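The sequence and structure come before the details.

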Amino acid sequence: MKFMFDTANIEDIKEYKDIFPITGITSNPSIIKKEGKIDFFNHFKEIRKILGFEKSIHIQVVAENCEGIIKDAETILENIDNKIYIKIPVTEEGLKAMRLLKSKGVNITATAVYTKIQSLLALETGADFIAPYFNRMENIGINPREVIETTANMINKYNYSTEILTASFRNIGQVVDAFSSGSQAVTVPPQILHDSLMMPSIQKAIGDFTLDWENIFGKEKSIYNL
Ligand code: G3P
């Protein structure tokens, strides 16, 4: 199982990276828009400094035709570093670019996946990760669980090394469902993970334990200063 943060916010990455067991971060132009007009290459170099090379960074291309996608990818790899995962939407031009980049050893994340066929084509084209859009599928009446399950079955049946990196979440139930359906990885806004541990029942249980402890040993005493 892998968790990633779907964010390019440096403060959030710094704050939450030591809390949640993440293996990387993902972004796209809409995520970058939330950061304003950033110094694009330096921004991601800084994220690399924070995360190190053990964790993966996924950056999406903007060009829509194969030639442009390749140029975007090469520019990202040259100006940030060559371990970046290049996120490419699964279109005809995208598949063509994925194949060419893969043959040069570039790390690829196939994205904007709404359907089973997009997923299966990206799988056979050699993407390292495939990113189905969970919430966006639900919004248009496609069952994301079925898309993930079919992809996971093919990965297992034919021994692909590709991993499903499900994206587009609005709540923690969707995240858990993605894993249950066979996703090996998810990318989640850190706030959703944060909120999932802030539920009143958890806070109440901890509060009750503290009260019972204080009742015996008094306030300000923990185990470390008994
Ligand atoms: O990583 C792709 C993801 O960010 C799309 O999510 O929240 O825009 O539906 P969303």
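Where is Glu220 found relative to helix H11 (200-217)? Glu220 is found in the segment after that helix.

## Basis of the model

This is a predicted model, in which local features need pLDDT of at least 70, side-chain atom pairs count only at pLDDT 80 or more, and totals for chains, interfaces and linings use all residues. Residues are numbered from 1 along each chain as its sequence is written, and side-chain values use heavy atoms, with hydrogens and water left out.

## Ligand site

Asp6, Asn28, Ile31, Lys87, Tyr133, Arg136, Ala167, Ser168 and Arg170 surround the ligand (each has a heavy atom within 4 Å of it). Sorted by class, this shell has 4 charged, 3 nonpolar and 2 polar residues. Here Asp, Glu, Lys and Arg count as charged, Ala, Val, Leu, Ile, Met, Phe, Trp, Tyr, Cys and Pro as nonpolar, and the others, Gly among them, as polar.

Polar contacts are pairs of N or O atoms within 3.5 Å. An N or O atom in the side chain of Asp6 is 2.6 Å from a ligand oxygen, and a polar side-chain atom of Arg136 also lies 2.6 Å from an oxygen atom of the ligand. For Asn28, the distance from a polar side-chain atom to a ligand oxygen is 3.2 Å. The ligand taken alone exposes 300 Å², of which the protein buries 86% (areas by the Shrake-Rupley method with a 1.4 Å probe).

## Domains

The protein chain is divided into domain 1 (2-188) and domain 2 (197-226), with bounds from an automatic or database domain assignment. Taken over C-alpha atoms, the centres of domain 1 and domain 2 are 41 Å apart.

## Backbone angles

Most residues other than glycine have a negative phi. Glu220 has a positive phi, near 65°. Ala112 has a positive phi near 60° and is found in strand S5 (residues 108-113). Helices (H or I, at least four residues) and strands (E, at least two) are DSSP runs, numbered from the N terminus.

Methods:
Polar contact = N/O pair within 3.5 Å; in protein donor to acceptor, adjacent residues only side chain to side chain.
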